[in-house]
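I wanted to go through this chain and note what I looked up. The sequence and structure come first.

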Amino acid sequence: MNTCIDVAAAVILNNGKLFSAKRSSGMHLEGYWEFPGGKLEDGESPEQCLVRELEEELCVKAEIGRYIGESVYDYGTKIVRLLAYQVRILEGDIQLIDHEEFRWLTVEELDCIEWAPADVPLLALCREVMISK
């Protein structure tokens with residue numbers, strides 16, 4: 001039986017656009033686009049994880065907002081349970097540490113990139129959030 005890994009995902013919206021980051025070469029799922037975030041450490045809440053991961057990966061300080069939803073995906077070697085939260089960047093300019101590119105996407109552009117499989121089910125929830133703004 002595969003191990004299930006809990007991962008927190010940041011849904012960052014700014015001026016009606018959604019932040020997406022492309023995984024770097026040499027990484028698992030290289031070339032796929034994803035919501036930034038990472039694995040929860042022992043005793044860490046998803047919100048604490050996102051604050052830490054966004055500082056490590058993007059060099060920004062963030063405020064974690066409401067829970068949006070989850071996606072569970074079996075990659076064959078592991079199962080990822082992605083917990084998505086709405087996030088607002090409070091300070092800092094985005095610097096890419098673990099990614100090679102980022103884009104701000106309009107709701108119409110969400111299907112124009114190749115998302116990591118675990119992230120795909122969250123796109124419908126993101127559309128709802130983006131349209132309701």
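I am working from a predicted model. I checked the record: an unreviewed UniProt entry annotates residues 3-128 as "domain: Nudix hydrolase". For residues 3-128 I get 16% helix and 45% strand, with the end C-alpha atoms 31 Å apart.

**Helix H1.** I looked at whether the length of helix H1 (residues 46-58) fits its residue count. With 13 residues at 1.5 Å a residue, H1 should span 18 Å, and its end C-alpha atoms are 17 Å apart, so the two agree. I then listed the buried residues of H1: Pro46, Cys49, Leu50, Arg52, Glu53, Leu54, Glu57 and Leu58. In an α-helix there are 3.6 residues a turn, so residues three or four places apart point the same way. Next I asked what covers the buried residues of H1. The cover includes strands S1 (4-14), S2 (17-23), S4 (37-39), S5 (61-74), S6 (79-91) and S7 (99-105). Just after H1, I noted a positive phi of about 60° at Cys59.

**Aromatic rings.** I count 5 aromatic pairs. One of them is Tyr73 with Tyr75, at 4.6 Å centre to centre and 65° between the planes. I log this pair as edge-to-face because its angle is over the 60 degrees required.

How values were computed. Residues numbered from 1 in each chain as written. Predicted model: local features only at pLDDT ≥ 70, side-chain atom pairs only at ≥ 80, totals over all residues. Heavy atoms only, no water. Helix = DSSP H or I, 4+ residues; strand = E, 2+ residues; numbered from the N terminus. Expected span 1.5 Å × (residues − 1). Buried < 20%, exposed > 50% of the residue type's maximum accessible area, 1.4 Å probe, protein only. Contact = heavy atoms within 4.5 Å. UniProt positions renumbered as here; feature names shortened; annotations may be inferred. Phe/Tyr/Trp six-rings, centres within 6.5 Å; stacked < 30°, edge-to-face > 60°.
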